[in-house]
Amino acid sequence: MAEAQQPPPVTAPTALPTARLEDEHLPAVSSPLNPDAAASRTRREKKATFKARGDDADSKGTTKKRKRSTEPTHISPMRYKLPLPKAADYEPPKAPTFSPIPGREEWMESSEHVYNRKSFRYTKAISDPSFPALQYHRQTETASGSSFEPEDTSPHVFFSSPNCTAVTTQKGFRMARATTGAREGRYYWEAKILSGIRADPMDGEPRGHVRIGFARREAQLDGPVGFDAYSYGIRDVSGQKVHMSRPKDFANADFVEGDVIGLEICLPSLSLHRKVAEGTYNKAVDVSDDLDPIAAHEYLDIIRDRVPIRFKNTLYFEQYEYSYQKPLEDLMNPAPTASVGAGTAATDPPNPNHPEPSLRTLPFSSMKVYKNGELLGTPYTDLLAFLPPSSKPPNQAGAREGFDDGSLGYYPAISVFRGGAAEANFGPRFWFPPPDLAVDEDTEMADSSDIKLNPVTKKQIAGQHSNLRPMSERFNEQIAEDIVYDLVDEVDFWSQCIGDTEADMNGFSEQGTTALLDPEASDVLGSGREIKQLVQDEV
């Protein structure tokens, strides 16, 4: 039998990085996986790195506004002193377990994984010996392409196979959100209705219902697409469009079993989006989306405040999920005397220059709908902005506002109702490809004179002149972005270690290296300092 593969050797420093007590390894507030965390931990003090956000305090303690700098300001993610990893932490995370549903053996239930809920989100993590500066872990993925992620669906959603592209439920409306989301540019995906309104009404009553659309991180998973302000949906009944639970006429015909509904989303460049989010958008000046494609990324500071935890011997990063905001709740359920923002009436519609950031919309944004390859129209334009401060974490101790963690965007989503079922196709080969779907990068285009390219990536700039791309292309891009963000975090943590100890700068200690290779030694070394084995509440 072949010997078990060992992690690569690491350079040993002279001492072990300083570790804190067990209860201090936990997040600042309770979560589904650590319900007792808040009781044993005090609120963290803000560090000096948080200061460069626009305010200065004078000697009397009062605060005065400072003129905003035109240079990008880097804010460090929260830093935790973590225990050394165990040997098992270097193994790839396990994929969810799938078991058949009694009486419906063609569908399977996923288990042995966490669920995103209660203002917390979880992403898979793995230890990496090349990350020694108090981080130790990086993000990883078990999926091989765009699909629906069991961790990011309602607990009552079932899948047709481990590839997680077809979904159903026996409950009321439940939603599944895709692994990849759009942040800028034009993307297309499609969904085939497997079970729903029958093609021939004489065959009987509908076998459930289906809604499809796009949903942000804040969208409710235990509800239909279009339930709140954070998602835009199309329902199978009469082909109506639904946003904030308000059905409106659109296709004027049912979407029945066998129909393939294609959805296209168009989002402006991040540079224009940033102007909207910061309140500097000027309609008279920003007359098109042909802006500098590098500008937004120069100012883009991805901050991921997260901590690794264990769930059934699998590592996850736990971090705050973006949450509902009152202005959008008031927009959805307006009160007769309510007001939004300072001196702004609740009836003031969302627009790019709205005083309330969460009610700002994106110019040049839209969502188109196709049925069996035929364009039905554009049910939505001027989609709501999602970059901070339009999106915020929950109002809890330890959650810092104003940061983009790289996950914000619009995600393909399907919601199913009592037996309704649908299968998603994220490309690149579609059942009914739209006519202007982007060709392969190696293929010559007939006329590319009006195509504007990013001078760094040599890819097309998002916006009016970009080609329509399959949603599947975002998967590899998103993986690459996560790798870059991990490396940036490691460099950031490494630079912070310079002021600590030589051990922090040099990596693991000699004793720590033994712990990595010997699980028993790791248990002894980590005694009293190891992250707890945490269990999520049963659904």
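**Exercise 1. Find which residues the ring pairs link into a cluster, and describe one of the pairs.**

Step 1. Phe-148, Trp-189, Phe-214 and Phe-426 are linked into a cluster by ring pairs. Rings of Phe, Tyr and Trp (its six-membered ring) pair if their centres lie within 6.5 Å; planes under 30 degrees apart count as stacked, over 60 as edge-to-face and the rest as tilted. The model is predicted, so local features need pLDDT of at least 70 and side-chain atom pairs count only at pLDDT 80 or more, while totals for chains, interfaces and linings use all residues. Residues are numbered from 1 along each chain as its sequence is written, and side-chain values use heavy atoms, with hydrogens and water left out.

Step 2. By the ring rule the count comes to 13 aromatic pairs. One of them is edge-to-face: Phe-98 and Phe-159, at 6.2 Å centre to centre with 90° between the planes. Phe-98 is in strand S3 (residues 97-101) and Phe-159 in strand S8 (residues 158-159), so that this pair links distant parts of the chain, 61 residues apart. Helices (H or I, at least four residues) and strands (E, at least two) are DSSP runs, numbered from the N terminus.

Step 3. Trp-189 belongs to strand S11 (residues 185-195) and Phe-214 to strand S12 (residues 209-215), so the pair ties together parts that are 25 residues apart in sequence.

Step 4. Buried means under 20% relative accessible area, exposed over 50%, and partly exposed in between (1.4 Å probe, protein chains only). Trp-189 is buried, at 0%, and Phe-214 counts as buried at 1%.

**Exercise 2. State which residues touch the most other members of the largest nonpolar core.**

Step 1. A nonpolar core is a set of buried Ala, Val, Leu, Ile, Met, Phe, Trp, Tyr and Cys residues joined through side-chain atoms within 4.5 Å.

Step 2. The largest core has 61 residues, and Phe-148, Trp-189, Tyr-410 and Ile-414 touch the most other members. A second, separate core has 17 residues, including Met-78, Tyr-80, Phe-120 and Phe-311.

Step 3. In soluble globular proteins, nonpolar side chains tend to be buried together.

**Exercise 3. Give the strand order of the open sheet of seven strands, then follow strand S13 within the sheet.**

Step 1. The order is S7-S10-S21-S12-S13-S14-S15, with antiparallel pairing. Strands S7 (148-153) and S15 (246-248) stand at the edges with a single partner strand each, so one side of each is left without a neighbour in the sheet. Two strands pair if DSSP finds at least two bridges between them.

Step 2. Five bridges join S12 to S13 in the antiparallel sense, with Ala-215 opposite Ser-231 in S13. On to S14 (residues 241-243), S13 (residues 231-235) has two bridges, again antiparallel. Here Gly-233 stands opposite Val-242, and Ile-234 opposite Lys-241.

Step 3. S13 and S14 form a hairpin with five residues between them, and Ser-238 in the turn has a positive phi of about 65°.

Step 4. Five of the five residues of S13 are buried, so the strand is largely enclosed by the rest of the structure. Ser-231, Gly-233 and Arg-235 are on one side, Tyr-232 and Ile-234 on the other.

**Exercise 4. Find the partners of strand S19 (residues 366-371).**

Step 1. Strand S16 (residues 260-267) pairs with S19 in the antiparallel sense over six bridges. Cys-266 stands opposite Ser-366.

Step 2. Strand S20 (residues 374-381) also pairs with S19 in the antiparallel sense, over five bridges. Met-367 stands opposite Tyr-380 in S20.

Step 3. S19 and S20 form a hairpin with two residues between them; Asn-372 in the turn has a positive phi of about 50°.

Step 4. Lys-241 lies over the face of Tyr-380, at 5.7 Å from the ring centre. A charge sits over a ring if NZ of Lys or CZ of Arg is within 6 Å of the ring centre and within 35 degrees of the ring normal.

**Exercise 5. Check the span of helix H4 (residues 473-497).**

Step 1. The expected span of a helix is 1.5 Å times one less than its number of residues.

Step 2. Among the buried residues of H4 are Phe-475, Tyr-485, Phe-493 and Cys-497.
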